[in-house]
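Thanks for coming, everyone. I will walk you through one structure today. Let me put it on the screen.

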Amino acid sequence: ADADAARILDSVTRGEELPLTRGAIFDERTYQRTEEWLRAEVLEAGYARATTQRRAAVDLATNTARVWYEVAAGPPTAFGETRVTGTETIDPEIVT
């Protein structure tokens, strides 16, 4: 994970439990949901170009799975100029 993603995820996961937890039964739905949760947290922090990848290694001999998630925040995203259109029936001052 890049530095921004690591900082964000460290702050949001303190006290919060990821959907996929140690000791739980490994299933594809939770594995995928955890990736989606990680990405959503970085997006919510203002990094609209955040990307995630996941990988799992299943050991059939020990009935265990090991998972890795990689999160890249990308650059912070800011709103550009905002325009309001279609105000033919409403006073533009009310909308802005």
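Where is the place of Thr-52? Thr-52 sits in strand 1, which covers residues 51-59. Keep that residue in mind.

A word on the source before we go on. This is a predicted model. Every value I quote is computed from it.

Now the overall layout. The protein chain has three helices and two strands. Reading from the N terminus, the order is α-α-β-β-α. The chain is more spread out than a compact globule, because its radius of gyration is 20 Å, well over the 12 Å that the globule rule gives for 96 residues. The C-alpha atoms fill a box of roughly 70 × 30 × 25 Å along the principal axes.

How much of the chain is buried? Buried residues make up 18% of the 96 residues. The exposed surface comes to about 7,500 Å². Carbon and sulfur atoms supply 49% of that surface.

Next, contacts along the sequence. Take the contacts between residues at least 6 apart in sequence. Of these, 51% join residues at least 24 apart.

And the charges. The chain has 11 positive and 17 negative charges. Their mean positions are 8 Å apart.

Back to Thr-52, then. Is Thr-52 buried or exposed? Thr-52 counts as buried, because its relative accessibility is 18% and the cut-off for buried is under 20%. Leaving out residues up to four places away in sequence, Thr-52 touches Glu-35, Arg-39, Glu-70 and Val-71.

Which side chain does Thr-52 join through a polar contact of 2.9 Å? The partner is the side chain of Glu-35.

So let us look at that partner. Glu-35 lies in helix 2, which spans residues 28-44. Glu-35 also counts as buried, at 11% relative accessibility. Gly-46 lies between helix 2 and strand 1. Gly-46 is partly exposed, with a relative accessible area of 26%. What does Gly-46 touch, not counting residues up to four places away in sequence? The answer is Pro-76 and Thr-77. Gly-46 and Pro-76 are 30 residues apart in sequence. In space, their C-alpha atoms are 5.7 Å apart.

Now the loop between strand 1 and strand 2. Strand 2 covers residues 64-72, and Asn-63 has its place in that loop. Asn-63 counts as exposed, at 71% relative accessibility. Its backbone deserves a look. Most residues other than glycine have a negative phi. Asn-63 has a positive phi of about 55°, although it is not a glycine.

Helix 3 covers residues 92-95, and Ile-94 lies in it. Is Ile-94 buried or exposed? Ile-94 counts as exposed, at 66% relative accessibility. How far apart in space are Ile-94 and Val-71? They are 41 Å apart, C-alpha to C-alpha. In sequence, Ile-94 and Val-71 are 23 residues apart. Val-71 is one of the residues that Thr-52 touches.

Note on methods
Residues numbered from 1 in each chain as written. Predicted model: local features only at pLDDT ≥ 70, side-chain atom pairs only at ≥ 80, totals over all residues. Heavy atoms only, no water. Helix = DSSP H or I, 4+ residues; strand = E, 2+ residues; numbered from the N terminus. Rg over C-alpha atoms; globule rule 2.2 N^0.38 Å. Buried < 20%, exposed > 50% of the residue type's maximum accessible area, 1.4 Å probe, protein only. Contact = heavy atoms within 4.5 Å. Areas by Shrake-Rupley, 256 points an atom, 1.4 Å probe, with all protein chains shown as cover. Lys, Arg positive; Asp, Glu negative; His and termini not counted. Charge placed at Lys NZ, Arg CZ, Asp CG, Glu CD. Polar contact = N/O pair within 3.5 Å; in protein donor to acceptor, adjacent residues only side chain to side chain.
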